[in-house]
Amino acid sequence: MRRWVRALGTACRLTLTGVGRDRLALCMVVLFIPAWIWAVRWVVREAEVRFRLYGLQGPADGVASGDFTANGNHIGQIVGALNAVTLITGFIMLMVTFATTELDRRLILCGFPRTALMLAKTTVLLLVAAVVAGYAAWLLCGSWAVRQEGLLTVAVFMAALVYGGAGIMLGSVLRRELEGVLVVIMMSLVDLGLQNPIMAREVDGIPLLPLFGPMQAAFAAAFTDEVPWRPVTHGILWLLATTSLGLGVVYARTRGYPRPT
Amino acid sequence: MERMNVRVVDVRKSYGRREVLRGACLDVPRGTLMGVVGENGAGKSTLLRIISGQLRPDAGSVHRYGRVGYCPQHPVLNDVLTVDQHLRYFQVAYDLSTLSPAEELLETLGFAASRRCRVAELSGGTRQKLNLTLALMHDPPTVVLDEPYQGFDWDTYLRFWQLAERLRDQGRSVVVVSHLAHDADRFDRLGQLAGGRIDIRADISDGVRDGAR
């Protein structure tokens, strides 16, 4: 047990060291997120936009149940922040997984506890997602009076986790970095594009998309005093699916390694 | 009777329809420096990966007595970590209480000054030295080395062979995949891999020349 804890500590520390040395990713976090939010704030119109929150009752002033309206500029800022956060977290975890996949397998072959390596990746994902999401939520809360700041932070955190989990999954499954980068970009584009109330009308099947839960929770946090539990659960399921698939691939590929004697 | 550190029995391995190993057998006794030669694509690296446990054979069996230290052909390292950080990772993997054996290897291979350098900053030869160090630092009874001296300068190449001979003299089994004809005299035994089988050559020099063609 003591050895396992030591292994987990070493793996977490060295994986985080790898993330910290990715200067471009750090610059993206510090500069790109505020730049993107402010650009949207300048460009997007402030017209009222209608959107639907699943599982919540809409206001009784003639608008259908579950339908809400809000400032389109604020909606644009939320979508922009989710876009930036998902891309950055997805890329960071994709690169971390790509850079370490072969070495991880060698370490496991040499006796490094497999579960410690896998848990270290998950821990780093949680830390990266917490920092990136906390920063983005703080910027949004400084932009206008968000109704539930805590829930907004949780929503952005969930979005970061879902795409970070996807980064781990893609880094484990795909053979080339470029493939992973393209998949993360396209996933985020399709996911947010189809659900952005400024662009899209309500479409059946949207609840299946990975960012359905985080986006619903973010809108509820920004414009209501309610907590939509169903979408939150939905986001957690996506996170579990992507992360466990990625880690499952690592497990499957190293399953047959002989135990050290 | 000779004590074997590794026994490979009737191993078969295919990649798709291409059968690389077709019933390969190999005994590696204690205290032996063994060479494995063969043409490109003959299955030398596949054989070593199977011996190390990284790859499963489709059929046949591998018996290992004690741990195996495996040095892959291409350095498997993380570019953003330093030499020291790699040593710490593998210290945990091998459950070593001290890094003294690894430090000794750094001195022997002549790259102790690079301990704080990131792998991305190292030359190809120094990466290969680290790759080799990670395979040997736990002093396993068997080491399998896949062309371990690629990129080494002449002095380091000679020091590598001194190290391999010292390990052999200490009772370790050392298996080296080689392409170089002038390595022939250094081996105690030589396995020529051809047609998916291993032929143990009596005349070592001829064997290497054949294999190095």
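The chat below goes through a predicted model with chains A and B.

Biologist: What should I know about numbering and cut-offs before I look?
Modeller: Residues are numbered from 1 along each chain as its sequence is written, and chains are lettered from A and ligands numbered from 1 in the order in which they are written. This is a predicted model, so local features need pLDDT of at least 70 and side-chain atom pairs count only at pLDDT 80 or more, while totals for chains, interfaces and linings use all residues.

Biologist: How many helices and strands are in chain A?
Modeller: Chain A has eight helices and two strands. Helices (H or I, at least four residues) and strands (E, at least two) are DSSP runs, numbered from the N terminus. The pattern along the sequence of chain A is α-α-β-β-α-α-α-α-α-α.

Biologist: What does the C-alpha trace of chain A span?
Modeller: About 75 × 35 × 35 Å along its principal axes. Buried residues are 47% of the 261 in chain A; buried means 20 or more other C-beta atoms within 10 Å of the residue's own, exposed means 12 or fewer, and partly exposed is in between, with C-beta atoms placed from the backbone.

Biologist: And chain B, what is its secondary structure?
Modeller: Chain B comes to six helices and nine strands. Its radius of gyration is 17 Å, close to the 17 Å that the globule rule gives for 213 residues, so chain B is as compact as a globular protein of that length. That radius is taken over C-alpha atoms, and the rule is 2.2 Å times the number of residues to the power 0.38. Of the 213 residues of chain B, 49% are buried.

Biologist: Which strands make up the open sheet in chain B?
Modeller: Six strands, in the order β5-β6-β7-β3-β8-β9, with mixed pairing. Strands pair if DSSP finds at least two bridges between them. The edges are β5 and β9 (197-201) of chain B, each pairing on one side only. From one strand to the next the twist averages 20°.

Biologist: Parallel or antiparallel for β5(B) and β6(B)?
Modeller: They run parallel, joined by four bridges. B:Tyr70 stands opposite B:Val144 in β6(B). On this sheet packs α4(B), which touches β5 and β6 of chain B and makes about 170° with the direction of β5(B). Contact means C-beta atoms, placed from the backbone, within 7 Å; axes are lines fitted to C-alpha atoms, for helices over the stretch in contact, and angles run from 0 to 180 degrees between N-to-C directions.

Biologist: Why call α4(B) largely enclosed?
Modeller: Because eleven of its 13 residues are buried. Among them are B:Leu130, B:Leu132 and B:Leu134. The buried residues of α4(B) pack against β5 (68-71), α2, α3 (100-109), β6 (142-146) and α5 (154-169) of chain B.

Biologist: Switching topic: where is B:Arg30?
Modeller: B:Arg30 is in the loop between β2 (18-29) and β3 (33-38) of chain B. With 16 C-beta neighbours inside 10 Å, B:Arg30 counts as partly exposed.

Biologist: Which residues does B:Arg30 touch?
Modeller: Not counting residues up to four places away in sequence, B:Arg30 touches B:Arg3, B:Asn5, B:Gly171 and B:Ser173. The C-alpha atoms of B:Arg30 and B:Arg172 are separated by 5.8 Å, though the two are 142 residues apart along the chain.

Biologist: Last one: how many residues does each chain put into the contact?
Modeller: Chain B puts in 22 residues and chain A 23 residues. On the chain B side, helix α2 (residues 83-94) gives the most, with seven residues.

How values were computed
Two residues are in contact if their C-beta atoms, placed from the backbone, lie within 7 Å.
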